Amino acid sequence: MGIKGISEFELIQKSKEGDHSAFRLLVEQNQNFLYAVAYKILGNEDDALDAVQDSFVKVWKKLHLFDTKQIFKTWLYRIISNTCLDILRQQKTKPMERISIADLNRFIEDNTLEIKEMVIMVYDLVHQLPEKQRVVFVLRDLEGLSVAEVSKILKLSSSKIKSNLYNARIQMRKMLELMYSESKEGEK
Amino acid sequence: MKCSKCKDKMYLYSELSSDEKQRLDEHLSDCEDCSLHFQRIMNMDLLIEKAAKVDINYPNSDFLTSTIMDRIELIEASKNKYKIRKNRFMIFVKYTMAVISFGLAILFYAEVSQTEQIVRNYPMNEMEHTSKLTTLTIKERIEKRRAKDEASTWKNCIRNNENSGEVKECIKDYLSLTIEN
């Protein structure tokens, strides 16, 4: 049986022993979902690519500490979230870039212009949220993880996750309502 | 349930327990204002849900994989360099220690053989007192011993050669030595 046919558990074990081809497969299997999370949190391609690369470097360095009883994906979520938070903290002074349709066309296939516009609108609003609220909102509402999972990933209590989520949702809805009212006024 | 509390709970509707959901639903069926507010929140939720369902895929995934693997290779190469440097340093330390040990061994051997030679040159009965005597006393005693030995040699000469002229010289020497001692 070739290396391509082996399970994630075996790939992790082999990577722990320093097998590069096994680690390459782990990268291939997980890079897309990590890129999606990073892009949703950071909102631009270059930063998302940096976050994914840094995260896999961290994974390689810390793989010997990973307990195979844990879920690998949860561990990856934790690493990418913390890496994104670090990038956001470093870029506090950097002005926010708006996502363009051209950018999104590269990542989203087979969707109508209407859906693309809606996605841009939601992502733009997400990027106006404070760091922690943004990460919690992305993990819970855009990635569809449960509060318990988010709390495990970010190592925060459920009540803290809920309070961040509450504030993020209020903020999101206020901004969305404002956008809708502005667009209706424009139509008139 | 009050309207303000109800509006707060609407934002965390998906996180509420079944009891809390039931109480909220009961309030919504009675309060038109809250029901409208809730409807608006649900519409927004639907919009976010739709946006969440859209998959994001990085188009150049092969490039991303190779960039990541290149960085891993670099890390491993620098790790190996460090290991090689560490090994070289350890070899240098080992050889230095070996040379120092060899030098010390030679010095020790030279010291021991020198001491042994000194001990061998000492007369046996002097050996017993060596530890108690100072270097100066040892030298004096050795000189005295030599003088005594020479005197006894000349005594023997006198006994064996009583009539020769040489004997007279011997007696003179003997007498002078005895006077000195």
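Predicted model: local features only at pLDDT ≥ 70, side-chain atom pairs only at ≥ 80, totals over all residues.
**View 1. The contact between chain A and chain B.** Chain A contributes 45 residues to the contact, and chain B contributes 32 residues. Together the two chains bury about 3,800 Å², and 68% of this area lies on carbon and sulfur atoms. Three residues, A:Gln53, A:Tyr166 and A:Arg173, supply 17% of the area that chain A buries against chain B, more than any other three residues.

View 2. Four salt bridges are found across the interface of chain A and chain B. In a salt bridge between A:Arg140 and B:Glu15, the side chains meet at 2.6 Å, N to O. The distance counts as a salt bridge because the rule asks for a side-chain nitrogen of Lys or Arg within 4 Å of a carboxyl oxygen of Asp or Glu. Between chain A and chain B, 11 residue pairs are in polar contact, with both residues at pLDDT 80 or more.

**View 3. The side of chain A that touches chain B.** Several helices of chain A each supply at least two residues of this side: α2 (20-42), α3 (45-62), α5 (101-107), α6 (113-126), α7 (131-142) and α9 (158-187). The largest share, 11 residues, comes from α2(A). By class, the side of chain A that touches chain B has 27 nonpolar, five polar and 13 charged residues.

**View 4. The largest nonpolar core.** This core has 90 residues. The residues with the most contacts inside the core are A:Phe23, A:Val52, A:Phe72, A:Leu139, A:Leu142, A:Leu154 and A:Met172. Helix α2(A) gives the largest share of the core, 14 residues. The largest share of the side of chain A that touches chain B also comes from α2(A).

**View 5. Surroundings of A:Leu154.** A:Leu154 is among the residues with the most contacts inside the largest nonpolar core. Leaving out residues up to four places away in sequence, A:Leu154 touches A:Ser81, A:Val135, A:Val136, A:Leu139 and A:Ile161. One of these, A:Leu139, is likewise listed among the residues with the most contacts inside the core.

**View 6. Chain B.** Chain B contains seven helices and zero strands. From the N terminus on, its elements run α-α-α-α-α-α-α. Of the 181 residues of chain B, 23% count as buried. Among contacts in chain B between residues at least 6 apart in sequence, 33% join residues at least 24 apart.

Key:
Residues numbered from 1 in each chain as written. Chains lettered and ligands numbered in written order. Heavy atoms only, no water. Contact = heavy atoms within 4.5 Å. Buried area = accessible area lost by both parts, 1.4 Å probe. Polar contact = N/O pair within 3.5 Å; in protein donor to acceptor, adjacent residues only side chain to side chain. Helix = DSSP H or I, 4+ residues; strand = E, 2+ residues; numbered from the N terminus. Nonpolar A, V, L, I, M, F, W, Y, C, P; charged D, E, K, R; others polar. Core = buried A, V, L, I, M, F, W, Y, C linked by side-chain atoms within 4.5 Å. Buried < 20%, exposed > 50% of the residue type's maximum accessible area, 1.4 Å probe, protein only.
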